Amino acid sequence: MALARTQNLILHELVEMNRLTLDQAHELATSEQDFAGSALDEHLIEHYDLTAVHLLYAKGRAFDMPAFNAHNAILTEHSFGRLEPEMCHEYKVLPIGEMGGHFVVALTDPFNRVALQKIQETVRMPVLAMLAIPEDVEKKLGTLEEKPVAVGFGDVMESLSIEFDSAGGDELSEDELE
C-alpha cells in the first residue's frame with residue numbers, strides 16, 4: 001500500500017536528518033503494510049530506533065512548522081489569560097505566549113485550520129502555530145484538572161501533626177524560641 005504524500009515528506013525529512021537511510025525510506029514507501037493513522041509513527045519508533053521527538057522535528061520540517069517540545073512547557077495561571085482551557089482541550093492546543101504581536105500556540109494537528117481561525121478570532125491577534133507531540137499536549141492539558149488547592153499555614157501544620165492556634169493563643173517567650 002502506497003504511503004500518503006505527507007508520510008513520504010516525513011520520510012524524506014528523516015533521511016535529510018540522517019535518521020533513516022535512503023534504502024530504509026524506499027523500503028517503507030514501497031511496503032505493502034498499511035501505515036494509516038499513527039501506524040507509521042509507531043513502526044518507525046519500534047523498528048528504526050526513532051523517538052517521538054525525532055518524528056516531531058521531521059514533521060515540523062515536512063509541514064514547514066516550528067517544532068515545540070511541550071514536554072518541558074511550564075503552564076502558569078497566566079497561560080490561559082487569552083485562551084480558555086475548554087478551547088484548548090477542544091482543539092488540542094497549548095497557549096505558549098505572545099511574541100512580536102503574535103499569539104503563539106503549540107498544536108498537535110498541523111492541518112486544523114479551523115482551530116487556528118477560532119483561536120485568532122478569540123485572541124484577536126495573528127496566531128503563530130508550532131507543532132507538538134500529541135501525548136505531551138494532552139498530558140499538559142490534563143494537569144489543568146489537577147490545580148493545586150490553596151492551603152493555609154494551619155493546614156500545613158495539621159498535615160505535619162503540629163498543633164497550631166490560629167487565634168493567636170499563647171505566645172512563645174524568647175527562651176522557648178531558642
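**Figure 1. Glu135 is exposed, at 54% relative accessibility.** The cut-off explains the label: a residue counts as exposed when its relative accessible area is over 50%. The model shown here and in the other views is predicted. Glu135 is part of helix H7.

**Figure 2. The whole protein, for orientation, has nine helices and three strands.** Read from the N terminus, the order of elements is α-α-α-α-α-β-β-α-β-α-α-α. The protein has 178 residues, and 36% of them are buried. How many salt bridges does the count give? The count is three. The next views take up these pairs.

**Figure 3. Arg61 and Glu13 form a salt bridge between their side chains.** The N to O distance is 2.8 Å. Arg61 belongs to helix H4 (residues 52-62) and Glu13 to helix H1 (residues 5-16). The two residues are 48 apart, so the pair links distant parts of the chain. Arg61 is partly exposed, at 45%. In general, side chains of opposite charge can pair when their charged atoms come close.

**Figure 4. Lys59 and Asp41 meet in a salt bridge.** Their closest N and O atoms lie 2.5 Å apart. Lys59 sits in helix H4 and Asp41 in helix H3, so this pair ties together parts 18 residues apart in sequence. Asp41 has a relative accessible area of 19%. Asp41 is therefore buried, since the cut-off is under 20%.

**Figure 5. Arg82 and Glu98 form a salt bridge between a loop and a strand.** The closest N and O atoms are 2.7 Å apart. Arg82 is in the loop between H4 and helix H5 (85-91), while Glu98 is in strand S1. This pair, too, links distant parts of the chain, with 16 residues separating the partners. Arg82 is partly exposed, and its relative accessible area is 36%.

**Figure 6. Strands S1 and S2 form a hairpin.** S1 covers residues 93-99 and S2 covers residues 102-107. The two strands run antiparallel, joined by six bridges. Which residue of S2 is the bridge partner of Glu98? The partner is Phe103. Glu98 also takes part in the salt bridge with Arg82. Two residues lie between the strands. Gly100, in the turn, has a positive phi of about 55°.

**Figure 7. His71 lies in the loop between H4 and H5.** His71 is partly exposed, with a relative accessible area of 45%. Where does the chain bring His71 and Ile133 in space? Their C-alpha atoms are 8.2 Å apart. In sequence, His71 and Ile133 are 62 residues apart. Arg82 sits in the loop between H4 and H5 as well.

How values were computed: Residues are numbered from 1 along each chain as its sequence is written. This is a predicted model: local features need pLDDT of at least 70, side-chain atom pairs count only at pLDDT 80 or more; totals for chains, interfaces and linings use all residues. Side-chain values use heavy atoms; hydrogens and water are left out. Helices (H or I, at least four residues) and strands (E, at least two) are DSSP runs, numbered from the N terminus. Buried means under 20% relative accessible area, exposed over 50%, partly exposed in between (1.4 Å probe, protein chains only). Two strands pair if DSSP finds at least two bridges between them. A salt bridge is a side-chain nitrogen of Lys or Arg within 4 Å of a carboxyl oxygen of Asp or Glu.
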